[in-house]
Number of protein chains: 2
Amino acid sequence: MLPPSPKKPPQNKLGLSHAFLQCADLILPWLTPQELANVSLTCKTLHRAAHSITLYRSLDASRSFENFPIPFHNTVDQYPYAYFFYTPSQIIPSSSSSSSLNRQFWGPNSSQTLVLPDSGSSDAEMGCTLDSMDLLGGSWVSVMDESGCECERCEKVSEDNVIGCPCMELEGDEGMGIRSECGPSCGCRLECGNRLSQRGIQVQLKIVKDVRKGWGLYAAQWIQQGQFICEYSGELLTTKEARRRQQIYDKLASDDHFSSALLVVREHLPSGNACLRINIDATRAGNFARFINHSCDGGNLSTVLVRSSGALLPRLCFFASKDIKEGEELTFSYGEIRVQPKGSKCFCGSFSCLGTLPSEHT
Amino acid sequence: MLPPSPKKPPQNKLGLSHAFLQCADLILPWLTPQELANVSLTCKTLHRAAHSITLYRSLDASRSFENFPIPFHNTVDQYPYAYFFYTPSQIIPSSSSSSSLNRQFWGPNSSQTLVLPDSGSSDAEMGCTLDSMDLLGGSWVSVMDESGCECERCEKVSEDNVIGCPCMELEGDEGMGIRSECGPSCGCRLECGNRLSQRGIQVQLKIVKDVRKGWGLYAAQWIQQGQFICEYSGELLTTKEARRRQQIYDKLASDDHFSSALLVVREHLPSGNACLRINIDATRAGNFARFINHSCDGGNLSTVLVRSSGALLPRLCFFASKDIKEGEELTFSYGEIRVQPKGSKCFCGSFSCLGTLPSEHT
């Protein structure tokens, strides 16, 4: 996935910087040797500090939020890392989060606390009104599953023949890319066998820059088929907001090397008439999954919609659809539809490559 | 002459600097890559600018005020130049100049304009009241010289037998270390043959640091006996102010490696009873002459009090008392009296060295 390329500073910023240095040229000669030495030492130290932060950032895209560091590798150009707001789980944009997404602590001595907008915040708090009818209304059909989950409570429930664990209300059709897990309303803890996608990454990964594809996610170890890779986190958008943003992104992409990371997932319900749709935008805020590139042959990852018992919103997760070698790129299919035949070029390199990246009317 | 050694920053300044860098550690991780790159570039540029100013200063002690640059050479320690307020001619301290002496532009693109306190400023303007009776009262006896000076006007005057050029009122007893030159009240210009000490330096010099003596002035070319070297410029003090400062300097010298550059010159008048005394302090403000070290054998410079026609104050100047080789140190005798037998050690290296530097009750 082509991340937004680092922008060149606008002309006025360069001008400001130039003015600042002209100013320095006027002031520095007035300083005593001690003051000059202080300026010199301070600048040297600040320069080094800035450099060490750059190094620190390039060593872990995840800001220590994940179980393992996910380093950047770039032998293509001079940008050692990609900059984005890191969120290990999905967030709902609100007017307050919209501005707070512009800045995030990313350096040594990070307190590693991340103030996230409350996922349960009311519609009124959100910058874009939650298109709740579209998102939730009638689509999130829960079907009773007789077996329940693997958690202690469910086992107890099954034994006692008393319906108590809420996760039993969830459907678990994994063949359809839908998975049910225990959640907040279950009594079990994170160690529960049915919370596979909630314990963070369990495999070593790295983000590598390719001269044609841009950044991509690669395996830094052998990965077994079926293993959980990661959640695709980002801003969970209403369809209305997703359409609004897609228009902006399409405009930016035509002007610049800008590339968005807005993922739309549709789930056709058994009736065949209704369609569940979720829109996750990792363009500004997301996790390392935003770097996963498309492959026309479907790649080596499968997307699974994971619903946790008691959680309002499902999560889009990636699992290995086949064994993955160390150093292999992780990819999945962005979709089948290409409404822009002359859209962005695809460099997936698969035998079945169609030459352009998927595109559709959002 | 041992210049004041560069002081180490006081503890609180180090603390402030440490606090500043701690602050930077908190702020820098919040910056975007572009902002971080700006900080990095700005700091790198400022660091280089500070370095280039240090280099520039080490290449010319005179801030381009003299005809030739007078470079510093230091292979002894890490301080590439000595810092002081440069004044090519003597100044009279005033309350306003006292604070302005703390800071002077010294770097590339210098406008080379030096706002000097007005030498003709009234006593009321001066920080220390001009002890005018002591400085001027009755001591500055002018004796008519029949020959006049070499200036065009004097020549014309001689021809016309009309007394008109004021320089004819000056005495020119060069054997006594006193010299009369044309001055502001003469009609002649700087090219006049009787303005030898007013055209600035005519020989190449350099300031070299010696491990024992500190900075010293050296010839960077062969110099002929009798050649004008330079004026000893600095703050022209009243005897009262000179005594006050000497007490402070003596105290500082006992605590630290501090060394003053307060020169007291006495001229015994023909009567034998009166004594003309001038006090020039180049500790804070002066020219490169402040670096001339003492030699017990009288060195290779002679001090000459130069009076210019129409100028209120005489100037203390140095002339070569013998031929001086390139690379030879320029020295003169600070005096004969040693009131502190265990005073500062002398390292003049002459056969007649007395082991300590001259000292007297000011």
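Over all chains, a search of the whole structure returns 26 aromatic pairs. Rings of Phe, Tyr and Trp (its six-membered ring) are paired if their centres lie within 6.5 Å; planes under 30 degrees apart are called stacked, those over 60 edge-to-face and the rest tilted. A:F65 and A:Y86 form a stacked pair, because their ring centres are 5.9 Å apart and their planes meet at 10 degrees. A:F65 belongs to the loop between α2 (33–59) and β1 (72–73) of chain A, and A:Y86 to strand β2 (residues 85–86) of that chain, so the pair ties together parts 21 residues apart in sequence. Helices (H or I, at least four residues) and strands (E, at least two) are DSSP runs numbered from the N terminus. With a relative accessible area of 0%, A:Y86 is buried.

A second pair joins A:F228 and A:F319; it is edge-to-face because the ring centres are 5.4 Å apart and the planes stand at 65 degrees. A:F228 is in strand β6 (residues 228–231) of chain A and A:F319 in strand β12 of chain A, so this pair connects parts 91 residues apart in sequence. Both A:F228 and A:F319 are buried.

A:R63 lies over the face of A:F84, 4.8 Å from the ring centre. In chain B, the charged end of B:R290 sits over the ring of B:F84, at 4.2 Å from its centre. The criterion places NZ of Lys or CZ of Arg within 6 Å of the ring centre and within 35 degrees of the ring normal.

## Surroundings of A:E328

A:E328 is located in the loop between β12 (315–320) and β13 (331–332) of chain A. Its relative accessibility is 27%, so A:E328 counts as partly exposed. Leaving aside residues up to four places away in sequence, A:E328 touches A:Y218, A:A219, A:N300 and A:D323, contact being heavy atoms within 4.5 Å. The C-alpha atoms of A:E328 and A:I223 are separated by 9.8 Å, although these residues are 105 residues apart along the chain.

The side chains of A:E328 and A:N300 are joined by a polar contact of 3.2 Å. The side chain of A:E328 also reaches the backbone nitrogen of A:K325 at 2.9 Å. A polar contact is a pair of N or O atoms within 3.5 Å; within protein, one must be able to donate a hydrogen and the other to accept it, and residues adjacent in sequence count only if both atoms are side-chain atoms.

## Interface of chains A and B

Chain B contributes 37 residues to the contact and chain A 38 residues. Together the chains bury about 3500 Å², 67% of it on carbon and sulfur atoms; buried area is the accessible area (1.4 Å probe) lost when two parts are put together, summed over both. In chain B, the residues that lose the most area to chain A are B:P29, B:W30 and B:R103, together 17% of what that side buries.

The interface holds 2 salt bridges, defined by a side-chain nitrogen of Lys or Arg within 4 Å of a carboxyl oxygen of Asp or Glu. One of them joins the side chains of A:E35 and B:R103 (2.7 Å, N to O). On the side of chain B that touches chain A, α1 (11–27) and α2 (33–59) of chain B are the elements giving two or more residues, and α2(B) supplies the largest share, 16 residues.

## Basis of the values

Residues are numbered from 1 along each chain as its sequence is written, while chains are lettered from A and ligands numbered from 1 in the order in which they are written. In this predicted model, local features need pLDDT of at least 70 and side-chain atom pairs count only at pLDDT 80 or more, whereas totals for chains, interfaces and linings use all residues; side-chain values use heavy atoms, with hydrogens and water left out.

Key
Buried < 20%, exposed > 50% of the residue type's maximum accessible area, 1.4 Å probe, protein only.
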